[in-house]
Amino acid sequence: MTTVTPFVGTPRSRVDGRAKVTGAARYAAEFDAPDLAHGWVVSSAVARGRIARIDTDAAMAMPGVLKIFTHENRPRTAWFDYKHRDQTAPPGHPFRPLYSDTILHSGQPIALVVAETLDIARDAASLVRVLYETEEHATDLAARRDTAYVPPKKRSGIKPPPKPRGDAPGAFTSAPVQVRQESRVPAEYHNPMEPHAATVVWKGKDGIVVHDKTQGAQNSQSYIASVFGLSPSKVQVVAPFVGGAFGSGLRPQYQVFLAVMAALELERSVRVSLTRDQMFTFGHRPETLQIVTLGAGRDGKLVSVQHDAVAETSRLEDYQEVVVNWSGLLYRCDNVALTYRLAQLDVSTPCDMRAPGATIGVFALEIAMDELAHATGIDPVELRLRNHTDRDQNEDKPFTSKELRACYAKGAERFGWSKRKPAPRSMREGSELVGYGFATGVWEAMMMKSSARATLTPDGRLTVATATADIGTGTYTILTQIAADALGVPMEKVTTLIGDSSLPTSPIEGGSWAAASSGAAVDAACRSVRDALIGLARGLEDSPLANIDPDRVTVRDGRVFLTADPDQGLAIDAVMAASGVDKIELEETVLPDPKTMLTHAAYTHSAVFAEVRVDEELGIVRVTRVVNAVAAGRILNPKTARSQILGGVVMGIGMALEEEALHDHKLGRVMNHNFAEYHIPVNADVPDIDVLFVEEHDDKVSPLGVKGLGEIGIVGTAAAIANAIFHATGKRVNDLPITVDKLLDEA
Amino acid sequence: MAPPIAPHTIDLTINGTAHRLDVAPWTTLLDLLREDLKLTGTKKGCDHGQCGACTVLVDGKRVNSCLTLAVMKDGATVTTVEGLARNGQLHPVQEAFIARDAFQCGYCTPGQLCSAVGLMAEGHAHSAEEIRELMSGNLCRCGAYANIVAAVQDALAAQSTQREAAE
Ligand code: FES
Ligand code: FES
């Protein structure tokens, strides 16, 4: 049998495109309900202490106010901590909104005003008076570096640093070339364009339907059921469209707690939307201070790698991510020592943000590698090649595939890397210094257990369903392509249902595993339906397909036919009618191959090349070109795949040049909590970005050979830009973001 | 307690339909569209005029509806993303956005589309550089900028071919 794959692997426009360009796509705050009440959150003005008094009388007196929830009248919720823990919770005590009078961070929600309309709720919230008893707070990580500790309990799914191998400090001391780079990545906030919101539709005896902004409808559902003591059958979470998340929707955030609490108490539908300011009051990329030391021979070959990171966490939870492990993985080196510690601050618990950990750790490693290239006089790309490894030395395993060298070669060629003059400040155009920078990127390729259902009806329509999400990643589209190919129907005949807790089980949509996991589940379910369909056709006496060998049959364009003689066959509806079935519906569950997981390491890789132009007098940096060459296994849809990388690169530009939550440590709060002052890239900041996918065949990583693309685009980008700025100016700025003041600073 | 403030009655033509509406003096055009008229295609990204998600066309000009009080627009004609397509036929900018994959999550998209339609009417944008600059009031956290520029270029090219054909 010849396999035709007309959809997978080809560029396809988004199947949800029309809904998104006509305004028909509904996001969490856009679902309506009869008699909908509106909640407005009151946020703490102080960073630490307790609420001595909260006066809601004036607010309550406003006509149209229904109820004001505070810690004093909060309805009962589950007693035990574990009941508040969601699938992605780090070890510790999960934050419980309105739990007590204790203030743990600035911006903490301390009251919810519920009113008949949005304006009444907002207005009344301004009348809530709070008297605080403050305690001394700490929000300055550098000042708390001494208090850093190794988290006693590891976070599930997060590998702690590997044990040291060889003698890294000893090898460093005797290394002919030594490099030491201290760096800092500030706290960054996800800031999806859609602020977090939840609309809870009250259905009386039937429970509640919750439209939450989430990357995991089932994660939100089980959290709500467990916290409020509801039967899961009475809680349905429906989130067909998510206006970006980048990790902020992995945990159920406080808007959903508050909206559900109010709806249950008032027995009425309630919506809670956060303001943009309030988007700075929960999870964020943790500020992280790092030191990387590299020892190498004069030939650039690494003999010692040491990487230490200290990251912020909250007083409640030991949030952890993989920051330093990359330094023992990416290049060949026999003497490696990696340490990762946390320091507690009076802040909200950090939360996974696009390529959590790698974005930070690889930045530190890759600027150190650039310094090593400079110190040895070896071309930065050549230096990486000399240290290339085909084995994961952290775990002593081979890779399922690793086409990183092809990324280097193809990316360098596309970029015109050979035109780079090695010395810093050696390239200029008019008043601008020109710099070329390079960095490697890496991210884990994961697959998770996942289920999907496929339903074929006689009209030839196929519906596939799994609970995963599409946060802009293109999930709807790739699942539609996969389903269409697996069953042999056109894409127009496929309906993909996702973002609903009542659908077959799927993991949260994160970690870049959705395509590999949900994709494989949909593929399996559709293949089973196809087999069942062929089974029915074979069972039809007098049909051209009676008792035929299934391998000799093709299903395509709504027909089942003999591969060798396409005229001999039947339409799908004819097969189903003659067999007396009105639908074929099957569910399948897929798992990663346990043996491969033990024997192999699976990673996505990239090579990022950036060109910057720096105004010599004003210090203004423009990123003028980026080439990102990616090896990510099989690419299901080059069009949406490219967009994923573009998005990662753009966020990487923001990380390099713009993004930073600026704290006033006296007040213990983020001061630039809006888009006017917390800068993210705008259209004019973003140059032409060239994305290329190198050929990478991988039959081990996942059933479809897919590795995932959600995060790899950001990893390495900030380092490539920082390295380009060093090349342009001769100035190494390791304290992100690289702003004009730091470039003009003489010191 | 201050006495309740009387609403004002205004006339607005929204996506071709005439509306007579009672609005509070503080109600923004954005809240009027989203909360009262359930036209949720127009998005709220910041409510402070900093992101462009709420961009709509008022008398053909692009404005941030979150910074526009509804009472100030008595008699105006408003086009939102829901009104760009005609008789089920997508506007060329909408077509171009789909073809160029000029969005990911889609949340900034209604604002980008209205902004692009406004920009085309302004007639200032010719090069990619100018499009970038003049579309910079519309943030996209998904980072679809390169594709947005390509889509607007396509739409502009289609517009000028059409004009030439008409001449
Ligand atoms: S919502 Fe109006 S500019 Fe952001
Ligand atoms: S498409 Fe998501 S913010 Fe622009």
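**Exercise 1.** How much area do chain B and chain A bury between them, and what percentage of it lies on carbon and sulfur atoms?

*Solution.* The model is predicted, so local features need pLDDT of at least 70 and side-chain atom pairs count only at pLDDT 80 or more, while totals for chains, interfaces and linings use all residues. Residues are numbered from 1 along each chain as its sequence is written.

Step 1. Buried area is the accessible area (1.4 Å probe) that two parts lose on being put together, summed over both. Chain B and chain A bury about 4300 Å², with 54% of it on carbon and sulfur atoms.

Step 2. Gln104(B), Arg141(B) and Tyr145(B) supply 20% of the area that chain B buries against chain A, more than any other three residues.

Step 3. The contact (heavy atoms within 4.5 Å) takes 49 residues from chain B and 58 residues from chain A.

**Exercise 2.** Describe the interface of domain 1 and domain 2 of chain B.

*Solution.* Step 1. An automatic or database domain assignment gives domain 1 (8-83) and domain 2 (92-166) of chain B.

Step 1. These domains of chain B bury about 1200 Å² between them, 55% of it on carbon and sulfur atoms.

Step 2. The rule finds one salt bridge across this interface. Arg62(B) forms a salt bridge with Glu122(B), the closest N and O atoms being 2.8 Å apart.

Terms used
Chains lettered and ligands numbered in written order. Heavy atoms only, no water. Salt bridge = Lys/Arg side-chain N within 4 Å of Asp/Glu carboxyl O.
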